[in-house]
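The sequence and the coordinates are shown first.

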Amino acid sequence: MSSYWLLKSEPSVFSIDDLAHSPGQTTCWEGVRNYQARNFLRAMTVGDQAFFYHSNADPPSIVGIVNIVKAAYPDRFAWDSRSKYFDQNSSRDNPAWFMVDVKFAKKFSTPLPLDSLRDIKGLENMELLRKGSRLSVQPVRKPEWNVILTLA
DNA sequence: GCCAACGTTGGC
DNA sequence: GCCAACGTTGGC
């Protein structure tokens, strides 16, 4: 039984087009530095799907779908002192942070702006729409997934 | 640019 | 263990 997720990225840093133009249309999803988000990353399995969300965008929107193609493994950027994701508390012996690999699956012909999702029936409890929600990796319930697919 | 919401840090 | 201070996220 596969699961559904939502991944946030600032398009000025890494957009869905960047992913589509990456080698093999695949990238590692590095830089998650929040424990709850990390735990969701570790719960992912190959075959899971995720919405690709553009945060800090105009307008912030769900823009497509990616597939999880590699389950969680240590985030090596946490070990790189030159990386902005460096964390001295993460060691090779005892990694604190993890990443998965995601592959481009689909770009919606029309993005779904955050604002347009707020009054959609069936999305009332979606994490993305919760006031103050900041999780960059979040689970999506199957009914929510299906509602959004229908919209797209 | 503002600021609300949230997570983390560290003094006590 | 509490909580104030601080830093970050991300919508607006």
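Ser9 belongs to strand S1 of what is a predicted model. Its relative accessible area is 9%, and because the limit for a buried residue is under 20%, Ser9 counts as buried.

A polar atom of the Ser9 side chain lies 2.5 Å from the backbone oxygen of Phe14. Leaving aside residues up to four places away in sequence, Ser9 touches Phe14, Trp29, Phe52, Tyr53, His54 and Ser55.

## Strand S1

Strand S1 is mostly covered, with six of its six residues buried. Trp5, Leu7 and Ser9 point one way from S1, while Tyr4, Leu6 and Lys8 point the other way.

S1 is paired with two strands, described here in turn. With S3 it runs parallel, and six bridges join S1 to S3. With S6 it runs antiparallel, and four bridges join S1 to S6. Leu6 takes part in both pairings: Leu6 stands opposite Phe51 in S3 and opposite Gln138 in S6.

## Helix H4

Which residues of helix H4 are buried? In this helix, residues 142-151, they are Glu144, Trp145 and Ile148. These three lie on the same side of H4, because they cover an arc of only 100 degrees around the axis. Pro143 and Thr150, on the other side of H4, are exposed.

The cover over the buried residues of H4 includes strand S1 (4-9) and strand S3 (49-54). Strand S4 (61-74), strand S5 (98-113) and strand S6 (137-140) are also included in that cover.

## The surface near DNA strand C

Around DNA strand C are Lys8, Tyr53, Ser55, Asn56, Pro60, Leu114, Arg118 and Arg134. Of the atoms of DNA strand C that come within 4 Å of the protein, sugar and phosphate account for 68%. By type, the residues of this surface divide into three nonpolar, two polar and three charged.

Note on methods: Residues numbered from 1 in each chain as written. Chains lettered and ligands numbered in written order. Predicted model: local features only at pLDDT ≥ 70, side-chain atom pairs only at ≥ 80, totals over all residues. Heavy atoms only, no water. Near = heavy atom within 4 Å. Nonpolar A, V, L, I, M, F, W, Y, C, P; charged D, E, K, R; others polar. Buried < 20%, exposed > 50% of the residue type's maximum accessible area, 1.4 Å probe, protein only. Arc of directions from axis to C-beta. Contact = heavy atoms within 4.5 Å. Polar contact = N/O pair within 3.5 Å; in protein donor to acceptor, adjacent residues only side chain to side chain. Pairing = 2+ DSSP bridges.
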